[in-house]
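My notes are below the display.

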Amino acid sequence: MAFAMTSRVPYKAASGRSVRSAAPARIFQRVRAQAMDNTPKEYRSESAAATAGLPITTTPFDDWKFTPIREATVSRAMTSRYFKDMDSYAESDVVIIGAGSAGLSCAYEISKQRPDVKIAIIEQNVSPGGGAWLGGQLFSAMVIRKPAHNLLNELQIPYEDEGDYVVVKHAALFTSTLLSKVLKMPNIKLFNATAAEDLIVREDTNREIVGGGKYIGGVVTNWTLVTLHHDTQSCMDPNVIEAKVVVSSCGHDGPMGAHSVKRLASLGMVPHVPGMGALDMNTAEDKIVNNTREVVPGLVLAGMELSEVDGSPRMGPTFGAMFISGQKAAHVALAVLKKREAAAAAAAAARKVQTMVTTP
């Protein structure tokens, strides 16, 4: 079918020059003017749709204008708060390495039990959540065996009840909900895109902290991008965060997985690390929760990192053990923290008495 293209056919004007008909342009201008006249004044705009001759849609966001701001103001708003957090959390009560489902559950449970405890979470990825954004093999649904669904009830996350287990329609629903709860807590700071490069290991020579011997006193940190490129750049020294208790939930072996277990093994603080066993769902989840513990003074293991030091099986795409291991680790960490605080108070009292005795 041939289309009439009369408006695009040149004709000779009085001047003798070849021009195109201006009729379509005039018609468009009249249509646009009429549309603008029928649009409420507060919503009028010369939009791209209007100039393209498309129907004009009015929205509450037309003619939007942000309040002015200087670029330096934005920079200061970010950096001042970040460095204030770094200063505040340089001495933390608890440091959690890894913001996966176990680490986040641990932070949530600690803060719920003791909102006065200062918690720093170190996450090497830009996106916290670990492997809990999807179910198994990149599928959406998350399967949780009972009774771990009680945490879902507490967080008010909907699920389908299948009898012995429940299914959350998308794993991201659980992770985003838990993450939002944790980030709202005023006693918690998440340092993401930050790697735990090493552990602070001290010797309790005066037998005041853990009764003698070595103990974990915090973590060594660096930007993840720096950590990944130590072999391509000149020396880039790290930073540190002191802590009374460290909870490590780095997951099973991987590029940065099982970091604390591997470091403890290299230091001779734990025996041979057998590595994670083959998959057995029914055995694995019970073992992960039941073996959640303080493995060396000052360091609690949670989640799949436990399978590396214990040789316990992997459980595959079921997530309940991660939640409960994290929650159990919270209670273990609080018990360690209580002992550490009591030991520090006793040591301070002893020093005070000694000072009084020796002072003339």
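The entries run from the whole chain to single residues.

I am working on a predicted model, where local features need pLDDT of at least 70, side-chain atom pairs count only at pLDDT 80 or more, and totals for chains, interfaces and linings use all residues. Residues are numbered from 1 along each chain as its sequence is written, and side-chain values use heavy atoms, with hydrogens and water left out.

**Whole chain**

I looked up the secondary structure first. The protein chain has 11 helices and 13 strands. Helices (H or I, at least four residues) and strands (E, at least two) are DSSP runs, numbered from the N terminus.

Next I checked burial. Of the 360 residues in the protein chain, 38% are buried. Buried means under 20% relative accessible area, exposed over 50%, and partly exposed in between (1.4 Å probe, protein chains only).

The accessible surface of the protein chain is about 20,600 Å², and 57% of this belongs to carbon and sulfur atoms. Accessible areas come from the Shrake-Rupley method with a 1.4 Å probe; for residues, only the protein chains shown count as cover.

I then looked at contacts, meaning heavy atoms within 4.5 Å. Of those in the protein chain between residues at least 6 apart in sequence, 68% join residues at least 24 apart.

**Core**

Which residues touch the most other members of the largest nonpolar core? They are Val-95, Ile-110, Ile-121, Met-142, Phe-174, Val-247 and Phe-323, in a core of 72 residues. Helix 11 (residues 320-358) gives the largest share of this core, nine residues. A nonpolar core is a set of buried Ala, Val, Leu, Ile, Met, Phe, Trp, Tyr and Cys residues joined through side-chain atoms within 4.5 Å.

Not counting residues up to four places away in sequence, Met-142 touches Ala-132, Val-166, Val-167, Val-168, Ala-171, Phe-174, Phe-319 and Phe-323.

Most residues other than glycine have a negative phi, and most peptide bonds are trans. I searched for exceptions.

The peptide bond from Lys-146 to Pro-147 is cis, with omega near 10°. Pro-147 is in the loop between strand 5 (142-145) and helix 5 (149-155).

Leu-138 is not a glycine, but its phi is positive, about 65°. Leu-138 lies in the loop between strand 4 (119-123) and strand 5. Leu-138 is exposed, at a relative accessible area of 70%.

Ala-193 also has a positive phi, near 60°. Ala-193 is in the loop between strand 8 (188-192) and strand 9 (194-203). Is Ala-193 exposed, partly exposed or buried? Ala-193 counts as partly exposed, because its relative accessibility is 26%.

**Annotated cysteine**

I checked the UniProt record. Its unreviewed entry carries the annotation "modified residue: 2,3-didehydroalanine (Cys)" for Cys-235. UniProt positions are given in the numbering used here, feature names are shortened, and annotations may be inferred rather than shown by experiment. In the model, Cys-235 is in the loop between helix 7 (224-227) and strand 11 (239-248). Cys-235 is exposed, with a relative accessible area of 66%.

**Helix 4 against helix 6**

Helix 4 (residues 101-113) packs on helix 6 (residues 171-184) at an angle of about 35°, with the axes 9 Å apart. Axes are lines fitted to C-alpha atoms, for helices over the stretch in contact, and angles run from 0 to 180 degrees between N-to-C directions.

I listed the contacting residues. Ser-101, Leu-104, Ser-105, Ala-107 and Tyr-108 in helix 4 meet Phe-174, Leu-178, Leu-179, Lys-181 and Val-182 in helix 6. Lys-181 is partly exposed, at 35% relative accessibility. Leaving aside neighbours within four places in sequence, Lys-181 contacts Tyr-108 and Leu-155.

In helix 8 (residues 259-266), His-259, Ser-260, Val-261 and Leu-264 are the buried residues. Gly-268 follows helix 8 and has a positive phi, near 75°.

I moved on to strand 12 (residues 293-296), which holds Val-296. Val-296 counts as buried, at 5% relative accessibility. Val-296 and Leu-264 are 32 residues apart in sequence, and their C-alpha atoms are 8.7 Å apart. Val-296 touches Ile-216, Leu-264, Met-269 and Val-270, not counting residues up to four places away in sequence.

Val-295 is also in strand 12. Val-295 is partly exposed, with a relative accessible area of 22%. Leaving aside neighbours within four places in sequence, Val-295 contacts Leu-264 and Leu-301.
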